[in-house]
Amino acid sequence: MRSVVEIQDVSFAYEKEQGTLSHIDLQVGQGECVLLCGESGCGKTTVTKLVNGLIPHFVEGGALTGRASVNGMEVADTEMYRLAEQVGSVFQNPKSQFFNIDSDSEITFGLENAGVAPEKIKERLETTVLALKIGPLLGRNIFSMSGGEKQSLAFASVYAMNPSVFVLDEPTANLDAEAIDILRRQIMQIKKEGRTVIVAEHRLYFLMDLIDRAVFLQDGKIIRIFSGDEFRGISEQQRIRMGLRSFTDPVMELPCARPPGTKDGLSVENLSCTFDRKTVFEGISFSAIPGEVLGIVGYNGAGKTTLTRCLCGLLKEEGGTVRLDGKALNRKQRNRACSLVMQDVNHQLFSDSVWDECEMSMPEGRAEEIEKILKAFDLLEFKERHPMALSGGQKQRLAVATAILSGKRLMVFDEPTSGLDYRHMLGVGCMIRELAGHGCIVLVVSHDREFMEKACDRIFEMDGRRDGNG
């Protein structure tokens, strides 16, 4: 099998940080699907950046030794536009790679940028739509799409460029089960075409029958490279010791949310909300009592995030009532009573250091309380670091930590385990359970069924514009 990607004795350290990668050796053959796995911060994303050229072309100040090549081209010596012809990247947040506002233009953007003839662009667009079965995405405004649709569009825009290597970095972090299945079928398609796939992921169940090899990293080093069969044969105990997520699709069996009307806790009664002059949901009704964790589930685009923003007073309801301990609350009152961890935590990190971020959430808090929380979330050693310099999983944990430190009565978490490994997923679950144990009302919006089965007591499902209990 011809090697398409070769990484030889590569070590890399970001500026002002300890070594991120240490003497990495990896060869990936044509048509292989290779999984990069390991706990957050182990170096998975950094390996993907070696392949797609973000290192060294876009990461300044890092110390790089060794060599990486793609199809015989030295990554460090090759212009990015030439690398982009060979390597296509799909990132965790698809919004970070969009350049247009309509879907058709986004799919063809790379081809137009490369100067491909119009008739060839049209032909390639038709081929992409047919191969990936994305007809419903055509002629759409990107801003009106769900998270899963945006991820499919990002994949399609890369596929249209016809690269030989696909690099996917945590592509399922914010996807529902249906969107994950679509992504799985897209990976199957490019494998069938003989493309090379390198995917860094925490969620593993959807990849188990697709991967040819699995590369397990720890502290910037490759600990072991498994064949597909060896990896699938790992015992449950060994998987947990390695800090890896479930190898099977998690089953969630939890009772439905309580009906509205509770006098002790949160009561949502016939709530409706519009956004951008469109009805997002109507007729939402449920209760959540102190000491319980209520999970809110539903497909991408069902209105879960809009519901959290409405409950926290960030959006005005179109109709209905939100009560806390029997008292109806207006937007300002809800805002004072709630703490929200957003799906995109970059929108709520403001300070110059991790410690300052915590102090801003808890202005009169004691240093030992902040230290305890940061230690619990493996962030204490980063207390002087700028929040934007943290990894995606570390940012997520910091946002959860600040919410806990705020001490609000109603705690709302929107995808709190996005990008988290098994150990940190359990850690967030324990903290959420502890909050409920101290009398907080906790709502968790998530697609992460493995997490919800462990952390939640009840489930409220949003399955359309008009919702009732269950």
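**Exercise 1. Determine which residues Thr 306 touches, and whether Thr 306 is buried or exposed.**

Solution. Step 1: leaving out residues up to four places away in sequence, Thr 306 touches Cys 273, Val 280, Phe 281 and Leu 315, where contact means heavy atoms within 4.5 Å. Step 2: Thr 306 belongs to helix α10 (residues 304–311); helices (H or I, at least four residues) and strands (E, at least two) are DSSP runs, numbered from the N terminus. Step 3: the relative accessible area of Thr 306 is 15%, so Thr 306 is buried. Buried means under 20% relative accessible area, exposed over 50%, and partly exposed in between (1.4 Å probe, protein chains only).

The model is predicted: local features need pLDDT of at least 70, side-chain atom pairs count only at pLDDT 80 or more, and totals for chains, interfaces and linings use all residues. Residues are numbered from 1 along each chain as its sequence is written, and side-chain values use heavy atoms, with hydrogens and water left out.

**Exercise 2. Describe how α12 and α13 pack.**

Solution. Step 1: two packed helices are described by the angle between their axes and the distance between the axes. Step 2: for α12 (residues 354–361) and α13 (residues 367–376), the angle is about 120° and the axes are 11 Å apart. Axes are lines fitted to C-alpha atoms, for helices over the stretch in contact, and angles run from 0 to 180 degrees between N-to-C directions. Step 3: α12 and α13 are therefore oblique to each other; angles under 35 degrees count as roughly parallel, over 145 as roughly antiparallel, 65 to 115 as roughly perpendicular and the rest as oblique. Step 4: Val 354, Trp 355, Cys 358 and Glu 359 of α12 meet Ala 367, Ile 370, Glu 371 and Leu 374 of α13. By class, this contact of α12 with α13 has 6 nonpolar, no polar and 2 charged residues (Ala, Val, Leu, Ile, Met, Phe, Trp, Tyr, Cys and Pro count as nonpolar, Asp, Glu, Lys and Arg as charged, and the others, Gly among them, as polar).

**Exercise 3. Identify which residues of the largest nonpolar core touch the most other members.**

Solution. Step 1: a nonpolar core is a set of buried Ala, Val, Leu, Ile, Met, Phe, Trp, Tyr and Cys residues joined through side-chain atoms within 4.5 Å. Step 2: of the 48 residues in the largest such core, Leu 35, Phe 155, Leu 168, Ile 187, Leu 207, Phe 231 and Leu 244 touch the most other members. Step 3: the largest share of this core, 7 residues, is supplied by α6. Step 4: not counting residues up to four places away in sequence, Ile 187 touches Phe 155, Leu 168, Val 197, Phe 206, Leu 207 and Leu 210.

**Exercise 4. Locate Asn 71 and Asp 378, and state the phi of each.**

Solution. Step 1: Asn 71 lies in the loop between β4 (63–70) and β5 (73–74). Asn 71 is not a glycine, yet its phi is positive, at about 50°. With 24% relative accessibility, Asn 71 counts as partly exposed. Step 2: Asp 378 is placed in the loop between α13 and α14 (392–406). Phi of Asp 378 is near 55°, a positive value in a residue other than glycine. Asp 378 counts as partly exposed, at 28% relative accessibility.

**Exercise 5. Find which residues the cis peptide bond with omega of about 15° joins.**

Solution. Step 1: this cis bond joins Ile 55 and Pro 56. Step 2: Pro 56 is placed in helix α2 (residues 54–57).
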